[in-house]
Amino acid sequence: DAVQEAWLRLSRADAEGVANLSGWLTTVVSRVCLDQLRARRRRTTEALDDEHRAQAPAAEAGPESEAVLGESVGLAMMVVLDTLEPAERVAFVLHDVFAVPFDQIAPVLDRSPAAARQLASRARRRVQGAQSAEHPRVRQRQVVEAFLAAARQGDLEALLGVLDPDVVLRADPVALSMSEANRARGVSGAPELAAEIRGARAVASTFSGRAAGARSALIDGWSGATWAPGGRPRVVFRFTTEGHRVVAIELIADPQRIGELELVLD
C-alpha cells in the first residue's frame, strides 16, 4: 500500500525536479509507512501485554548478528516487528535491512541522526529478545506452522498432537455456505463444516489432507492462514493457542469481516 501511494505521489509530482529520486522515494515510502503504523496504533483498543514488550539486555549488536537480522523480512520477522513502536520499526528496517545511513533516516523520522541510531539500537535489542522461542508470538507461530504442515500431509496423529483435546472449530455463515456449495458441486476434498465442531479428533478429521491451498499469513499481528486464490483472501483461518496446542480455530469468510482484519500474506 505504501509503495502504491508513493508511486501515485510520484506520478503527480515533477519527477524531473527531484535531484535524488532514490532518496525521495525512500523518504516518501517510509513516511507513508510511519503514518499507517501510527494510525493503526491509535485504532488499537487492546494494548500488548508487558510480556510482549519485554526488552533484552541493552547490548549493542555486532556485525554478525546484524547481518543475520537483516537477512530477510519474512513472515517470522513480521511477527517480531509488530512488537516495535512505529519509529523504532522504520529506523530498524531502513538501517538493518536496507542499509540506509542514519543521516538519511533522521529527516524521515524528524529526529537527529543520533536519535535515529538510538531508535534502531533499541529496536534491535527488542527484536533479539522477541526472537526467543518462548516469546508468545513466536511460540504461537510455531504451533500454527506445525498444524498446517500436519494438515497438508494428512498426518492425523500429528494433528491430534498439536490440538487441545477440547479444541473448538467455528465457521461463520459465509464459510458454511461456501462449504455446502463446494460439496454440492462435488469438489474433491471439500470439508463438511458445521457452525461449531468440538474435540480434537473431529477437528483433525475436518482438516486432515485439506490445507494444501492455505497460505500462511499474519492476522492482526498473529500467525494464521488464509485461502487466497489470485492473492484475494476468501477465507481466513484464525488460531487461538495456549502453550503448544491449538485451543480454537475460527473460519472467517464474510467479506466485511475480512476487510476489517489486518492481513499480511506470506
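This is a predicted model: local features need pLDDT of at least 70, side-chain atom pairs count only at pLDDT 80 or more; totals for chains, interfaces and linings use all residues.
1. In what follows, a residue is called buried when its relative accessible area is under 20%, exposed when over 50%, and partly exposed in between, using a 1.4 Å probe and protein chains only. By that criterion both Phe147 and Phe239 are buried, and buried residues account for 41% of the 266 residues in the protein chain.

2. Residues are numbered from 1 along each chain as its sequence is written, and side-chain values use heavy atoms, with hydrogens and water left out.

3. As to overall content, the protein chain has 12 helices and 7 strands, these being DSSP runs numbered from the N terminus (helices H or I with at least four residues, strands E with at least two). Where contact means heavy atoms within 4.5 Å, 64% of the contacts between residues at least 6 apart in sequence join residues at least 24 apart.

4. Helix α8 (residues 136-153) has 18 residues and reaches 26 Å from its first C-alpha to its last, close to the 26 Å expected at 1.5 Å a residue, where the expected span is 1.5 Å times one less than the number of residues. The buried residues of α8 include Val143, Val144, Phe147, Leu148, Ala150 and Ala151, and among them are also Arg137, Arg139 and Arg141. The helix is followed by Gly154, whose phi is positive, near 70 degrees.

5. A nonpolar core is here a set of buried Ala, Val, Leu, Ile, Met, Phe, Trp, Tyr and Cys residues joined through side-chain atoms within 4.5 Å. The largest such core has 32 residues, of which Phe147, Leu163, Phe207, Phe239, Ile249 and Leu251 touch the most other members. Two or more residues of this core come from each of α8, α9 (156-162), β1 (163-171), α10 (173-184), α11 (200-207), β5 and β6, and the largest share, 6 residues, is that of α8. Leaving aside residues up to four places away in sequence, Ile249 touches Phe147, Val168, Leu169, Arg170, Val203, Phe207, Arg238 and Phe239. A second, separate core of 14 residues includes Ala91, Val100, Ile105 and Leu109.

6. For aromatic contacts, rings of Phe, Tyr and Trp (its six-membered ring) pair if their centres lie within 6.5 Å, with planes under 30 degrees apart counted as stacked, over 60 as edge-to-face and the rest as tilted. The whole structure contains 3 aromatic pairs. The ring centres of Phe147 and Phe239 are 5.1 Å apart and their planes stand at 65 degrees, so this pair is edge-to-face. The pair links distant parts of the chain, with Phe147 in helix α8 and Phe239 in strand β5, 92 residues apart. Phe147, Phe207, Phe237 and Phe239 form one aromatic cluster.

7. A salt bridge is defined as a side-chain nitrogen of Lys or Arg within 4 Å of a carboxyl oxygen of Asp or Glu, and a search of the whole structure finds 9 of them. One of these joins Arg238 and Asp220 at 3.8 Å, N to O. Arg238 lies in strand β5 and Asp220 in the loop between β3 (214-219) and β4, so the pair ties together parts that are 18 residues apart in sequence.

8. Arg238 also forms a salt bridge with Glu250, the closest N and O atoms being 3.2 Å apart. Since Glu250 lies in strand β6 and Arg238 in strand β5, this pair ties together parts that are 12 residues apart in sequence. Glu250 in turn meets Arg257 in a salt bridge of 2.8 Å, N to O. Through shared partners, Asp220, Arg238, Glu250 and Arg257 are joined into one network. Its members are partly exposed, with relative accessibilities of 35% for Asp220, 26% for Arg238, 24% for Glu250 and 29% for Arg257.
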